[in-house]
Amino acid sequence: MVENTFQTNFSHREGADSLIDSKYYDDDGRPKRTGGVWITSSHIITAVIGSGVVSLAWSIAQMGWVAGIVVMLFFSVVTWYTSAFLADCYRTGDPITGPRNYTFMDAVSSILGGWNVTWCGIAQYSNLFGTAIGYTIGASISMMAIRRSNCFHDSKGADPCHMSANPYIISFGIVQIFCSQIPNIHEIWWLSIVAAIMSYTYSTIALGLGIAKVAENRTFKGTLTGVRIGDVTKDQKIWGIFQGLGNIAFAYSFSMILIEIQDTIKSPPSEVQTIKKATKISILATTFFYLLCGCSGYAAFGDTVPGNVLTGLGFTNPYWLIDIGNAAIVIHLVGGYQVFVQPLFAYVEKEVSKKWPEVDNRTFKISIPGLSPYNLNLFRLVWRTLFVITTTVISMLIPFFNDVLGLIGALGFWPLTVYFPVEMYILQMKIPKWSRKWVFLQMLSVLCFIVSALATIGSVAGIILDLKDYKPFSLGS
């Protein structure tokens with residue numbers, strides 16, 4: 001509406017119209033994008049350094065010092081390598097002036113087309129939905145860990161401090177109902193910055209606690225091959241390795257929203273140049289932290305390291321520092337949840353607007369003292385609230401932190417991080433079939449498919465084992 005009015009008022013002054021339009025609008029007629037390298041990096045870091053970081057020590061323990069570190073480096077290199085392919089797909093054709101693809105699905109549609117579009121949509125949006133569930137579970141566990149830690153400290157260990165996680169899952173859901181009314185990913189830059197700071201806060205605390213524990217032990221724990229058969233059965237060892245693969249894959253999962261993040265970037269310089277620089281900074285920084293946190297946790301506790309380092313450390317001193325770490329996780333996951341679900345919100349609302357424009361246009365202005373009026377969209381309020389309620393209820397039904405993270409990471413890694421970026425890159429760059437580079441990329445894709453398949457099997461096996469002693473809505477300790 002604003003754009004149409006503007007163009008009407010200035011239609012008689014074409015030169016002035018072009019000048020003013022370029023000042024306020026980008027080449028596609030949308031409001032000027034404002035993201036730079038650091039805001040883009042904060043979006044990526046918020047997406048990458050998620051609750052998965054606290055499970056990395058456990059994942060390394062399943063594989064041992066050698067394989068655990070090699071696997072982590074493998075996922076980081078593959079993610080960085082293929083994210084560059086995906087970044088080149090933001091514009092079709094010319095990287096500076098070509099038509100924009102606003103979402104991952106748009107890129108797949110314009111470059112690959114056909115059945116790939118449907119498959120991409122299912123893989124991407126189910127992964128975003130699953131991530132919202134994983135983040136809800138992770139946040140509730142950290143909130144519960146704070147309460148238990150304080151209870152245990154106040155009672156000096158006399159009270160076992162049993163409690164249910166359901167109130168904390170519901171509390172996180174209520175916060176997300178309000179946060180989900182932020183209109184789009186462009187307007188959550190401040191939340192991403194806060195979340196990125198929080199991610200480094202709890203990662204640093206986990207790192208410091210691991211180093212302190214190693215100093216206290218006066219030795220490095222852990223083995224070259226990880227958890228020993230005998231302490232666990234052969235099947236448990238195999239499932240643990242596969243699940244560890246999924247957890248590490250989840251820790252690097254952000255490809256499904258990379259193009260959506262790229263669509264927030266201002267130009268010049270070109271969007272692809274900024275996103276590649278931000279991705280390199282983010283992946284280098286996160287891999288450095290991941291290695292430090294994962295290795296220090298494994299060195300401190302060896303094969304008995306808990307699935308969630310900070311919640312597993314909740315009953316040790318200094319308890320207040322661990323409480324700060326868990327609080328930082330909760331704050332980070334509030335922002336991380338939004339970074340992942342905003343593309344899903346945008347997709348559903350775009351489709352509804354196409355089919356039933358009268359539904360999407362019901363908007364009311366709400367005056368806020370000291371601030372500009374807030375445009376409350378009735379459909380957005382109802383649909384996003386129902387979405388959050390759904391993820392909250394499912395989180396109470398399937399509260400298996402490590403298994404859920406592993407399954408989400410496993411299912412999303414190959415199609416979203418490897419297959420689609422590689423196939424789009426091959427078509428965009430016109431790489432000849434059976435050329436050396438084509439063969440290499442296909443071999444990489446097959447290898448990553450095998451890794452994803454093994455990780456999926458391990459995570460499903462873990463969930464099946466957990467379900468044997470599970471009662472719905474009874475998570476707690």
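Trainee: Are Glu349 and Arg384 buried or exposed?

Mentor: Both Glu349 and Arg384 are buried, where buried means under 20% relative accessible area, exposed over 50% and partly exposed in between (1.4 Å probe, protein chains only). Please note that this is a predicted model, in which local features need pLDDT of at least 70 and side-chain atom pairs count only at pLDDT 80 or more, while totals for chains, interfaces and linings use all residues. Residues are numbered from 1 along each chain as its sequence is written, and side-chain values use heavy atoms, leaving out hydrogens and water.

Trainee: What joins the side chains of Glu349 and Arg384?

Mentor: Side chains of opposite charge can pair when their charged atoms come close. Here, Glu349 and Arg384 meet in a salt bridge, at 2.7 Å from N to O; the term requires a side-chain nitrogen of Lys or Arg within 4 Å of a carboxyl oxygen of Asp or Glu. Glu349 lies in helix H13 and Arg384 in helix H15, so the pair ties together parts 35 residues apart in sequence. Helices are DSSP runs (H or I, at least four residues), numbered from the N terminus, as are strands (E, at least two).

Trainee: How many salt bridges does the structure hold?

Mentor: The structure holds nine. One of them links Lys350 with Asp106, the closest N and O atoms being 3.8 Å apart. Lys350 belongs to helix H13 and Asp106 to helix H5, so this pair connects parts that are 244 residues apart in sequence. Lys350 is partly exposed, at 33% relative accessible area, and Asp106 is partly exposed at 21%.
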